[in-house]
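Here are a few exercises to work through with the model open beside you. Try each task before you read its solution.

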Amino acid sequence: MIDYRIEVASTHAHRFKVTLHIARPVENQALSLPVWIPGSYLVREFARHLSPLAATQSGQTVGVQQTGKASWRLACEAGKPVTVSYEVYAFDTSVRAAFLDARRGFFNGTSVFLCVQGQETTPHKVKITGLPKGWQVATGLSAVKVNQLGCGDYMAPDYDALVDHPVELGTFWRGTFKARGIAHELVVSGASADVDGERLLADTKKICEAQIAFWHGRRKPAFDRYVFLLNV
């Protein structure tokens, strides 16, 4: 299993801290970061926002060599756990990258999670922790063990699934409904106090039911939960 821990390093400096634990690396393990995001295929160069990587194995510092604009190699031994740590500058308010300030946080996996080359198809676990007091977590990732605010452990079956589930952090409005028996959640960051949540949920449910009927007919959809993340 590939294991990540992501936490807020500084809201003022707009920086996330990420720790990557690789239980069984190969010799001279290669790492990389995507340059594009699913649904938006322009080259984004997310790696430019990573601070220098640091790595340890068996309590000793491991050399890290950058082999390309978005690729690195660890001078590690095979089969012994290795830990990599780095920070990510997050100040892009679009839906494509990552953002963090004193009000809210947001990230796509392509901006923050290094890919362990050769182990993309193994399960990937993420621990979201170290958030400002009262902040919640909203994501389509499968929760494994989380508290009432959503902080804790999440799981993805592989790297592709991991980076296809964005994460919203902060204080926000949220509501739920079912469409054709499928659980849906709607999260609105920046919602005003007088948001008409009931109407928003009812209207969205109608749209979802029409879409499910169009694409799936009488068949059960290929998903059991869907999360909308809105920043207004």
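**Exercise 1. Work out in which order the 4 strands of the open sheet lie, and which of them stand at the edges.**

Step 1. The order is S9-S10-S16-S13, and the pairing is antiparallel. Strands here are DSSP runs of E with at least two residues, numbered from the N terminus, and two of them pair if DSSP finds at least two bridges between them.

Step 2. S9 (98–100) and S13 (136–139) each have a single partner strand, so one side of each is left without a neighbour in the sheet.

Step 3. From one strand to the next, the twist averages 15° (axes are lines fitted to C-alpha atoms, with angles from 0 to 180 degrees between N-to-C directions).

Step 4. Now look at one pair: S13 and S16 (residues 167–170) are joined in the antiparallel sense over 4 bridges. Gln136 stands opposite Gly170 in S16.

A note on the source: this is a predicted model, in which local features need pLDDT of at least 70 and side-chain atom pairs count only at pLDDT 80 or more, while totals for chains, interfaces and linings use all residues. Residues are numbered from 1 along each chain as its sequence is written, and side-chain values use heavy atoms, with hydrogens and water left out.

**Exercise 2. Describe the lining of the largest pocket.**

Step 1. A pocket is an open set of points on a 1 Å grid over the protein atoms alone, where a 1.4 Å probe fits, with protein on both sides within 12 Å along at least five of seven lines; lining residues have an atom within 4 Å of a point.

Step 2. The volume, the space filled by probe spheres set on the points, is about 680 Å³.

Step 3. The lining has 24 residues, with Asp164, His165, Pro166, Val227 and Leu229 nearest the centre.

Step 4. S10 (104–107) and S19 (225–231) each supply at least two lining residues, and S19 gives the largest share, 7 residues.

**Exercise 3. Is Gln119 buried or exposed, and which residues does Gln119 contact?**

Step 1. Gln119 is in the loop between S11 (115–116) and S12 (124–129).

Step 2. Gln119 counts as buried because its relative accessibility is 14% (buried means under 20% relative accessible area, with a 1.4 Å probe and protein chains only).

Step 3. Leaving aside neighbours within four places in sequence, Gln119 is in contact (heavy atoms within 4.5 Å) with Ile2, Ile22, Arg24, Pro25, Gln29 and His124.

Technical notes:
Buried means under 20% relative accessible area, exposed over 50%, partly exposed in between (1.4 Å probe, protein chains only).
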